[in-house]
Amino acid sequence: MKKRILALIMAATMVFGLTACGGAAEEASSDKGGLIKVGIINNDPNESGYRTANDKDMKEMFTEANGYEASFAYSLKNDEQITAAQKFIQDGVDYLLLSAADTAGWDSVLKDAQAEGIKVILFDRTIDADPSLYEASIVSDMDKEGQTAVDWLKGQNLGEYKIIHLQGVMGSAAQQGRSGALDAAVASDGWTLVTQQTAEWNAEKAQQIVQSVIDSGESFNVIYAENDDMAKGAVAALDKANISHGVGKDVVVMGFDCNKWALEELLNQNWNYDGQCNPFQASYINDIIKKLEAGETLSEKTIIMDEKGFDASTITQEDVDKYGI
Amino acid sequence: MQNKEMKSLSESVMKLFRKQIFIPIAALLVLAVFNLITDPSFFKITLGYNSVGDPVLSGYLMTILDYGSELAILAIGMTLVTAATGGQDISVGAGIAIAGSVVLRVLCGTDSRPETLQAPIIVAFLISCVVAMLFGAFNGALVAYFKIQPMVATLILFTAGRSIAAWINNNELPIISDPTFSYFGGFIPGIPVPTPFFIAVACMVIIALVLKFTTLGLYTQSVGINESSSRLNGLNPAFIKFITFVILGLCVAVAGLIKVSRLSSINYSVIAKDIEMDAILAVALGGNALSGGKFNMTASILGAYVIQFLTTTLYKFNVQSDALSAYKAVVVIVLVVLSTPVVREFLSGLGKKIKAMIHVKEVG
């Protein structure tokens, strides 16, 4: 008897599931009067302030008012992202916008997309696939970000450079670009690295690493943190040990990503420098789609976004409002 | 005469050897001696002033007391859970994110950057305690009443907890500018010892009193040793398992307050990352069987400080921080191997042989 009821329930759910699926398919196939269908695959917006700003920017751009019908899928896992891409291909989107969690494994699904005539645009992250499989890729140049920051640091003309270098998760593009520029300058200009450690984007770890240097009694005058969170952790350790930091003080504090609160620290002269990592790719993507829809060809495949570096002595409230994420 | 002395000495050494607390003490001694040899300045403590002008003690030992304390608090709850259920809660890191997020949410209200606190800190803390205990109760119910493996049951919150934490604050990153909030993870003006240590001491005193004056310790151990026989003796094993998870929830809330107070802010994806592994390691380092049963709370707490001692030592020697977990893994391997029956038998056999040798000498 029990089994029969169970079977009945299962049958009922299956039937219900079928009708639900049917409904969804119907909705997808109905054409909403010339809207461009885009499938957007992104990383989890909770991952960081950068991602939150990025997701918000995308959602504001790809609206019906702007002529788009957008579907979103989020995951930090590559295989889940690939599954989402396959679903979007089945749904018959016109464009697939992709910020891949991992660089590998995208070839076959992108070939499927190409076979269906779906155009792929990468944003924020590149992938290891044949460039013919995607139309364009809009990225930050992490090497340039690092170089801008290091050039700024050179321009400060400190008597000596004793640097605490807090790195991001080792191997990530941001870490490699931002570390590379500093490493080159250390080698060529005779700067000293007091410590070079990965704090894995984590404020608490950064605080412990800087605390450890302070406890050892070694002196330093620059903190080069590869994101704002780590700079914040470092500053917490400095405050505890009464080491002054900021404009005209003992220690120069540098961060990246331009979080709003970090730019406010600059405005208050507590930090010295913050490098931008531009999360606002939606307008670039919009331009590309408009061009492709008009039948134009793109002049270049890789588009590098404009990125700034802010100096505490010149930053203004407008900068904070405009560029803070 | 000399032989007799030797015998009694070896016996007392053997006794200490068999005591559970020997393991963390030995680990602590090894680390301390290692640091003493390589660089005695490790033990230097200096009195200075922080940027607000309050006296603070600083030095590696203070760092250990500071950061080890939140781990010690978690170790208290984790020991009870381990003893009663024979499993571990792997969601404490995510739980800290939730508890911390609740504290900030209550303090900030709807504005993520308040000039003044919207509620007294104690109210925010009590609410976060209630929330963390509810999540503990959720874990506990899954384990105690639905008989799900603790690690599987807590995997749910381990996965979902950080998203819940972000959702509580609408995915914003609140920052609190009120200096009184930073006391819990920093220093109270005029007192040069880090506050987390006092909070940990308070927790230790409370748990010591609870274990002394209630039957909690006895009941958790008997449930952990043999569930069915403790039921036959009139205990309610399910309820006892449940209650240990709720107590762990409370510990999580306290640790969460310390964590968010350190930076007066929160980052949902990385706050208290991998702390569950350190908490479990503290229990293991305390010589407690991870399969449940008898436990020694003092040893666990000591284990927590030993882990921080290890972490701080590794930082001092500029070991890459992403390699830290590899060193901790070595410690785990050694502990687990030492606690297997095969090695135990071998060691006790060795002990008996030494004893016999001394005995033979005496007779001869």
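## Chain A at a glance

Chain A has 11 helices and 12 strands. The model is a predicted one. Of the 325 residues in chain A, 44% are buried. Take the contacts in chain A between residues at least 6 apart in sequence: 73% of them join residues at least 24 apart.

Contact between the domains of chain A involves four residues of domain 1 and five residues of domain 2. On the domain 1 side, two of the touching residues are nonpolar and two are polar. No charged residue is found on that side.

## A six-stranded sheet

Six strands of chain A form an open sheet. Their order is 7-6-8-9-10-12, and the pairing is mixed. Strand 7 (192–198) and strand 12 (309–311) of chain A stand at the edges. Each has a single partner strand, so one side of each is left without a neighbour in the sheet. From one strand to the next, the twist averages 15 degrees.

Within this sheet, strand 6 (residues 162–167) and strand 8 (residues 222–225) of chain A run parallel. Four bridges join them. In this part of the sheet, His165(A) stands opposite Tyr224(A) of strand 8 of chain A.

## Helices on the sheet

Helix 5 (residues 142–155) of chain A packs on the sheet. Helix 5 touches strand 8, strand 9 (252–256), strand 10 (273–275) and strand 12 of chain A. The direction of helix 5 makes about 165 degrees with that of strand 10 of chain A.

Helix 6 (residues 173–189) of chain A also packs on the sheet. Its contacts are with strand 6, strand 7, strand 8 and strand 9 of chain A. The direction of helix 6 makes about 160 degrees with that of strand 6 of chain A.

## Ser128 in chain B

Ser128(B) lies in helix 5 (residues 121–144) of chain B. Is Ser128(B) buried or exposed? Ser128(B) counts as buried, because it has 25 C-beta neighbours inside 10 Å, and the cut-off for buried is 20 or more.

Leaving aside residues up to four places away in sequence, Ser128(B) touches Ala99(B), Val102(B), Val103(B), Ala253(B), Gly256(B) and Leu257(B). Ser128(B) and Leu257(B) are 129 residues apart in sequence. In space, C-alpha to C-alpha, Ser128(B) and Leu257(B) are 8.5 Å apart.

Notes
Residues numbered from 1 in each chain as written. Chains lettered and ligands numbered in written order. Predicted model: local features only at pLDDT ≥ 70, side-chain atom pairs only at ≥ 80, totals over all residues. Contact = placed C-beta atoms within 7 Å. Nonpolar A, V, L, I, M, F, W, Y, C, P; charged D, E, K, R; others polar. Helix = DSSP H or I, 4+ residues; strand = E, 2+ residues; numbered from the N terminus. Buried ≥ 20, exposed ≤ 12 C-beta atoms within 10 Å, placed from the backbone. Pairing = 2+ DSSP bridges. Axes fitted to C-alpha atoms, helices over the stretch in contact; angles between N-to-C directions.
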